[in-house]
Amino acid sequence: MPSNLHKALLTWYQHHKRKLPWRGESDAYRILLSEMLLQQTRVEQAIPYYQRFLQQFPNLETLAQASQEDVLKAWQGCGYYARARNLHKLAQQLVFAGQALPCSSVELLALPGIGPYTAAAVASMAFGEPVATVDGNVRRVLSRLFAWEKPSPKQVQETADTLMAQLVNRRGDRDTPGNWNQALMELGATVCTPKNPSCGACPVAPFCQGKNHPERYPAAQKRLQKSLEMVALVLQGPAGVHLELRQGPVLGGLWGVPMEEDPGALERLLARFGLDKAEPVGAVRHDFTHRKLNIQVYKAPYEAKENPRQRPLSRLDRKILKLVETKSLRLL
Ligand code: SF4
């Protein structure tokens, strides 16, 4: 069965894969960039970022020589900025040591921001290493193919590895590990979708044990989204606004308005800037994957000089400044 499954999937992939700018790419830097983008960004949104980023930083060397601020500016609006910081850091680490991107998944894994999935994706697509990439699409396709109710990460990884090993034993010209990995992910992204999978048009339907009830697999897991109450203080004067360099894993390295978590957030912010009061402007909501932010926005006059157009700002901060702009001065 697996041999026929491989054949059916690879033939389908050959004829039905979407045209994407990184498809068929063999340059490891370009593959790495696309994989870093796709970690948390949808394909349609990632394409313009991929193209613009490569125009500005066409290779590891140009990226290594850029300032972090320029790199973050190129990533601005794409979210999860740790990806851009890590890409920049690894480019500097390799280029300053006179090295290229390593060709094995084990060595790639040792670089900043590269996890098992990205290491396997780059190693299999750029260097033909027979390692399986397991993302959400692959998990869903395998759990339906084998009718797993609740696949454990170990079960999925072991099965993907077994299928990969069988593929390697019967490898032909087009049956590269990169193609197999991409074919499985492409099937999950376009045919075996989370809702309403197109089983009637699926190339592996004859092998699929879950095709009669695909919605059962994998069983839904509850995602906990923590809600945080925050206060943002927009300090503005005739010459600009006050911006600070953010810290932390999510928005670290970007600039933004002063913000604190409640309770007592407004009092702490006022005390920090020696102010007595601030004027309420409105509320902004912003969702991260595991966090939902409810932000009460205040403004106060202040001698501030930053021009928000000249700093890499997060989408969240642009939302806050936009709200203030619509209610008062032009800031953006
Ligand atoms: S037959 Fe349906 S459930 Fe099975 S892999 Fe294909 S699309 Fe997914």
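Let's start with Arg144, which sits in helix α9 (residues 136-145); helices here are DSSP runs of H or I with at least four residues, numbered from the N terminus. The model is predicted, so local features need pLDDT of at least 70 and side-chain atom pairs count only at pLDDT 80 or more, while totals for chains, interfaces and linings use all residues. Residues are numbered from 1 along each chain as its sequence is written, and side-chain values use heavy atoms, leaving out hydrogens and water.

A polar atom of the Arg144 side chain does lie 3.0 Å from the backbone oxygen of Tyr217.

## Salt bridges

How many salt bridges are there? The count comes to eleven, each being a side-chain nitrogen of Lys or Arg within 4 Å of a carboxyl oxygen of Asp or Glu. One of them joins Arg311 and Glu69, with the closest N and O atoms 2.9 Å apart. Arg311 lies in the loop between β7 (291-301) and α13 (315-327) and Glu69 in helix α5 (residues 68-75), so this pair ties together parts 242 residues apart in sequence. Strands such as β7 are DSSP runs of E with at least two residues.

Arg42 and Glu44 also meet in a salt bridge, at 2.8 Å from N to O. Both Arg42 and Glu44 are exposed, meaning over 50% relative accessible area.

Conventions:
Polar contact = N/O pair within 3.5 Å; in protein donor to acceptor, adjacent residues only side chain to side chain. Buried < 20%, exposed > 50% of the residue type's maximum accessible area, 1.4 Å probe, protein only.
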